[in-house]
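Here's a friendly walk through one structure. Have a look at it first, then read on.

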Amino acid sequence: VQLQASGGGLVQTGYSLSLSCAASGDTFSSYGMGWFRQGPGRECTFVAAIRGSGDRAYYANSMKGRFTISRDNAKNTVYLQMNSLKPEDTAVYYCAADRSVKTYSTWYSQPREYAYWGQGTQVTVSS
């Protein structure tokens with residue numbers, strides 16, 4: 001599957017952004033989808049994930065209540081709505097996908113569990 005992330009930009013603190021990740025090349029609903037981010041000089045960290053059916057979502061603790069992940073399987077797209085943005089949210093945001101069977105409950109938060117990655121979209125939050 002190929003992934004194309006979009007929607008990043010420059011916003012002020014407290015504003016919102018909505019990221020999209022369009023998938024192509026395979027049955028989208030078969031894939032669990034995740035969003036990760038990598039800030040300047042930092043490692044890649046988990047943001048949110050959603051199961052293939054869309055019936056369950058997972059969030060990093062610092063994003064709960066501010067970020068919402070969703071997906072539209074008819075459009076082969078996963079979204080990340082980001083509200084109340086903070087300067088520390090500044091990062092390149094990546095979408096990722098995987099369809100393999102997982103053997104532990106927190107797999108969704110681990111970058112190594114995703115076989116396919118988009119190119120990333122820059123989000124910059126100014127203070």
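## Ground rules

This is a predicted model, so to speak of local features takes a pLDDT of at least 70, side-chain atom pairs count only at pLDDT 80 or more, and totals for chains, interfaces and linings use all residues. Residues are numbered from 1 along each chain as its sequence is written, and side-chain values use heavy atoms, with hydrogens and water left out.

## The disulfide

How many disulfides does a search of the whole structure find? The search turns up one, a disulfide being a pair of cysteine sulfur atoms within 2.5 Å. C21 and C95 are the partners, with 2.1 Å from S to S. The link of C21 and C95 is right-handed, with 60 degrees about the S-S bond. This pair ties together distant parts of the chain: C21 sits in strand β3 (residues 17–24) and C95 in strand β9 (residues 91–98), 74 residues apart. Strands here are DSSP runs (E, at least two residues), numbered from the N terminus.

Both C21 and C95 are buried, meaning under 20% relative accessible area, where exposed is over 50% and partly exposed lies in between (1.4 Å probe, protein chains only). C44, on the other hand, is in no disulfide, and the nearest cysteine sulfur, that of C95, is 11 Å away. C44 is partly exposed, with a relative accessible area of 25%.

## The four-stranded sheet

Strand β3 also shows up in an open sheet of four strands, ordered β1-β3-β8-β7 with antiparallel pairing; two strands pair if DSSP finds at least two bridges between them. At the edges are β1 (2–6) and β7 (67–72), each pairing on one side only. On average, neighbouring strands of this sheet are turned by 15 degrees against each other, direction ignored. The axes behind that angle are lines fitted to C-alpha atoms, and angles run from 0 to 180 degrees between N-to-C directions.

Zoom in on β1 and β3 and you'll find five bridges in the antiparallel sense. A5 stands opposite C21 in β3, and C21 is the cysteine joined to C95.

Is D98 buried or exposed? With 7% relative accessibility, D98 counts as buried.

The D98 side chain makes a polar contact with the side chain of K102 at 2.9 Å. Such a contact is a pair of N or O atoms within 3.5 Å; within protein, one must be able to donate a hydrogen and the other to accept it, and residues adjacent in sequence count only if both atoms are side-chain atoms. The side chain of D98 also reaches the backbone nitrogen of A115, at 2.9 Å. Leaving aside neighbours within four places in sequence, D98 is in contact (heavy atoms within 4.5 Å) with S30, Y31, G32, E113, Y114 and A115.
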